[in-house]
Amino acid sequence: MARFTENRWTSAIIPALLIHIPIGTVYCWSVFKQLIADRLHASPASVEWGFSLAIFFLGMSAAFAGPMVEKNIKKSALVSMVCFVVGFAGTGVSIALNFLPGVFICYGAIMGIGLGVGYLTPVKNLMLWFADNKGLATGIAVAGFGLAKAIASPLMEYLIGTVGLVSMFFILAAVYAVMMFVGFLLIKRPAGWVYDPATSHVSRKTILKKPVFWGIWIAFYINITCGLALISQEKDILHDVLRAFPQYANLSPAKFAAAISGIIGLVLAVDSVFNTAGRVGFSTLSDHLKRRETVYQVIFIMSIAVCLLQIFTNSIGNALLWAVLAMLFLVNAGYGGGFSTLPVLLDQHFGTKTVSTTHGLTLSAWAFAGLSGNQLASFVVAHAPDQAHRYAALIPVLTGLFVVALISISLV
């Protein structure tokens, strides 16, 4: 037992963070997507497919990588490192060659596979090492994925300003290669754990036939779709709200953008904090509840409440701004908490022995949400009847989806 507790930080938590912090930089896409579009003389909408493909391949590779992670955690850690680093560096090469399809292949497909395998790799290991606090352990590790944006975004902007866009990809690829290789060297199962094909293997068809799986899948899919839809529009939502303040009303677009840039930056930073806190807080809360579905119910009720608060706050000014901030921050916290609580929820219904396989299959919801979240928001905004406040039209749609998610997880 002493050996078990002494090694779990170096064998589980630290390698999980060393793997998840690099791959979490996929959420830094907004830092350089416009620069890629300008450099390659492409439209931002076409370049956006690089991110959409990365999330799609993340989810789909995780769906198929579960058995490999169950069987050989070292192999999966190595595959993740190679795919992620090659894809990230290859993106820099593609930009240097002015080859947009290369961005889709490297950032979208190759790096996306590294994301999916890497995201899945530490999860079951953490649950084995921290059997009494599974939620806390997975929350800390997955928080690394959420915190990566706050760490890497300013570093990327600094490197782009000093060495250029292409060199930024090469330098960070080298840094992430070292981090993930150390994670590969450190990560290991608890002493005495042996892979047993008879108990660790489960047919995907068997899982997919269970209604409980689809109840969780739908709830998880909707939470990500709503989160991505809101995150993709949050800058524009804030622009709409702040434009109504008297001190900004008569400014030109350029002066207005400059005046609120600090506010936008602060809001995005706080967003990251809430996302990270949600990942740790909600998963830790699940350790103290009899049924872990309750955490998802709390997340959806909270999300519905803050969306309704924003809808029914009709005044313009501070009250509306605070209602919008509450919605952005708390939906972001629930978005992060949905990720960290998922493994322990699946463990409750399917058991620890097959959690890598069930977790991987459920992450396919992330793949489809990555394609649908931004597109849903764009469609609703483009077809809003009141174009002067077009972003407000998105909130009732998200509220309705959160209600469907609440019903789905309650039926579980």
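Before going on, the basis. This is a predicted model, in which local features need pLDDT of at least 70, side-chain atom pairs count only at pLDDT 80 or more, and totals for chains, interfaces and linings use all residues. Residues are numbered from 1 along each chain as its sequence is written, and side-chain values use heavy atoms, with hydrogens and water left out.

Now the salt bridges, meaning a side-chain nitrogen of Lys or Arg within 4 Å of a carboxyl oxygen of Asp or Glu. The structure has five. In one of them, glutamate 293 pairs with arginine 291, with the closest N and O atoms 3.0 Å apart. Arginine 291 counts as partly exposed, at 42% relative accessibility.

Another joins aspartate 347 to lysine 134, at 2.9 Å from N to O. Aspartate 347 sits in helix 15 and lysine 134 in helix 7 (residues 134–163), so this pair ties together parts 213 residues apart in sequence. Helices here are DSSP runs of H or I, at least four residues, numbered from the N terminus. Both partners are buried.

Last, the nonpolar core, a set of buried Ala, Val, Leu, Ile, Met, Phe, Trp, Tyr and Cys residues joined through side-chain atoms within 4.5 Å. The largest has 117 residues, and Val26, Phe32 and Trp366 touch the most other members. Helix 15 (residues 318–350) gives the most to this core, 16 residues.

Definitions and conventions
Buried means under 20% relative accessible area, exposed over 50%, partly exposed in between (1.4 Å probe, protein chains only). Helices (H or I, at least four residues) and strands (E, at least two) are DSSP runs, numbered from the N terminus.
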